[in-house]
Amino acid sequence: MSITEQEWKKEQKRVDLVRREVKKRTEQLQAQVGTVKADIVEIRKNFWDDVKVNFENAIEAAETVASMRQQSEVLGERERLHRHAQKEMKSLYRLEQTPYFGRIDFVEPGEPLQQIYLGTASFLDENDEHFYVYDWRAPVSSLYYDYSPGPAEYETPGGTVEGTMELKRQFIIRDGEIESLFDTGVTIGDELLQQVLGRHSDAQMKSIVATIQKEQNRIIRNVRNRLLVVQGAAGSGKTSAALQRIAYLLYRDRAWLSAEQIVLFSPNDMFNSYVATVLPELGEENMQQATFQEYLERRLGRVFDLEDPFLQMEYVLTAMNEPGYAARIAGIQYKASVPFMRLLEQYANRLGQEGLIFKGLKFRGEPLLSAARMREQFATYDPGMSIPNRLRLLSEWLLSELNELALAQTDQDWVEEEIELLDNEEYLQAYQKLRRQKRFRENTFDDFDRERKMLGEMLVQKRFKPLRNGIKRLKYVDVPAMYRQLFADPKRAVSLGAELPAMFAEFAEQTVEKMLQGELFYEDATPYLYLKELLEGVEMNTQVRHVFVDEAQDYSPFQFAFLKRLFPHAKMTVLGDLNQAIYAHAEKADGFGPLAALYPAEESELIVLKQSYRSTRQIVDFTRKMMPGGEEIVPFNREGEEPTITRAENTADLIAKIIDRIRNLQADQHRTLAVICKTAEESRAAYERLKDALDVKLISKETVHFEPGLVVIPAYLAKGVEFDAVILYNASQDQYGRESERRLFYTACTRAMHELHLYYLGEQSPFLES
Ligand SMILES: Nc1ncnc2c1ncn2[C@@H]1O[C@H](COP(=O)(O)OP(=O)(O)OP(=O)(O)O)[C@@H](O)[C@H]1O
């Protein structure tokens, strides 16, 4: 719909008016901030002057405390005001550049027409009566995302409001100037989205508030369910929806929800840096960001040398010709499965009946209390009690036993010897400590025997302290041995009713061998922790209210079961694309089924996103053919070049062709370019060959920042991010010929926004045939 010049001018005038008001408000606020700041400086400087310090008697002391409290309350209140004002200043700054991006005219029956302008924050007139701009997250704003002109309704805390939308208008405003204006018929006009999607990519993800699509809005504003699962095609805006959802929740529940109570699990650190600016851009603080590996490291890093998921991936992608490969893959799949989870539960129960494996306590290299004695004691507890509770009792018993044993040590020779060896400082410390504890009858130090005895006791207590701490941390429970035993003795698993998969014996042997070296395969880490928690009790974080899991197709049922237990008070938002499930464990998994089974059906919801926004129509048409069922994916109507497939004669030819292509792409102003390889090794080789001709960076699992420019990157690290143009380094049958490599190949190709070029040596990948 074309807009008249007059209408355009009218809108520009309104923009000017709002900007003037924003400036006015900014100036007022600046003055206010100045005063508050001066107040804070003043209060801090005079804090002790205004406090009456007197601790002479109880009444005076109480007064002192009261006056200190009063002072710090005043200070706290001023500081809050200051923080608040600063946040508002930032939002005013944003409004001054771009006051809003949308307008809807809405009429409720019997009411006058309302013109509602939407921006990144609400902005009211001086009397707080009239909204110049509504926050995009306000209830009324959802009209903009959910409807085209015609009958429309939105939810408020007070109920549903019905009416008619008479106009829907979109703006692009930069530095206070309207650059484009569209009136739209369909949901959110293609024109604006076309413009936004046509831009070059950046090293940081951008917010999408001006163009959120209806189905994405369902994700963003979903507040009913405990579990929200989003299955979305590559580039359908899952990560974007997740981040805008976080901003929405922080706005909606601002009275009680803070950014630290939200955690986003993401695939790697570089991805974290890629998404880190979206929330600040929307005026919100960032949520906590984590990777599952970080969590595993924290829990297990001291016990084992833990393999990381990228090393596992490299093995899966490169070791096909090594002995034991097939068994390891079978192991990876089984260890991620629900049957194995059930087996571990059975096994824990059985251990509860038969007794756990303990490590006896040793002191000074000598046995102090045997594992057998612990088992005996454990067996005396009521088997109806949970294992963690029985272990609690056992720990208490052990601590009291330890007191007795310590007492028995005091007259041992080693104590005498160590007392002799105490240096002056230690001696003095001990003496003072004993005095403080008033353990001397007199104030003198002449009672020699007594002194010796006490020093001895103290010394023994000190040497026993690590043992005590170990008991409190259940270090005497030998979880590694119990996990190992399950593999070392397959009959045990069978006796628990488990149906063991093919090659169990082979991968069991690999598992045991690895563990005996003090190492743990990545696929064992979560099951191991699961068993540990079944036995020892669960670690929980009760603060966190929302957990987001991005790239969720890469998580095993175990990991989800874990996250659910770790965050018992949190709602889960889980976003993924099964077509991009690149880890070997996913091959036999049943999609998001096991995850959904963790929650009652009425508390969970699945939203499917089919439209892909990242890539041009040509690229989506090209990539979706690689996946069975890919015809379901809907490209967004943005035109671009056809992807190309080029055969190279040999490596030198391959490199020459790629360099040539990159130079052309750079001349076309593409800002982010990736040469995507299959593995870290291939990436390194490609980098070595390109680096003399081009300014290029090599991305590895250690890379923490995503930067614009030309990079060489293994496909599994490129997940979640995007590039203006992608060059697939070697799309040959050799590299991408096995069915297990299809999804990795698809993931790599779907990183391209505007251009995709594939090169290969020898035969091309069969996934390109269609
Ligand atoms: N409603 C929208 N308006 C504008 N841009 C959008 C919209 N939805 C998605 N995009 C853009 O599409 C691209 C892909 O989005 P995003 O990375 O969130 O998708 P994804 O589903 O997480 O992708 P992947 O599965 O490949 O990780 C981004 O550039 C994002 O800005």
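How many bridges join strand E21 to strand E23? I found six, between residues 672-677 and residues 709-714, and the two strands run parallel. I kept in mind that this is a predicted model, where local features need pLDDT of at least 70, side-chain atom pairs count only at pLDDT 80 or more, and totals for chains, interfaces and linings use all residues. Residues are numbered from 1 along each chain as its sequence is written.

My terms: helices (H or I, at least four residues) and strands (E, at least two) are DSSP runs, numbered from the N terminus. Strands pair if DSSP finds at least two bridges between them.

Next I looked at cysteine 677, and its bridge partner in E23 is proline 714.

Then I traced the open sheet: its six strands have the order E20-E25-E24-E21-E23-E22, with parallel pairing. E20 (644-648) and E22 (696-698) stand at the edges with a single partner strand each, so one side of each has no neighbour in the sheet.

I also looked up serine 236, which UniProt lists under "binding site" in an unreviewed entry, along with others including Lys238; such annotations may be inferred rather than shown by experiment. Serine 236 sits in the loop between strand E8 (227-232) and helix H6 (238-252), while lysine 238 is in helix H6.

Is serine 236 buried or exposed? It counts as buried because it has 26 C-beta neighbours inside 10 Å; the cut-off for buried is 20 or more other C-beta atoms within 10 Å, with exposed at 12 or fewer and partly exposed in between, C-beta atoms being placed from the backbone. Lysine 238 also has 26 such neighbours, so lysine 238 counts as buried.
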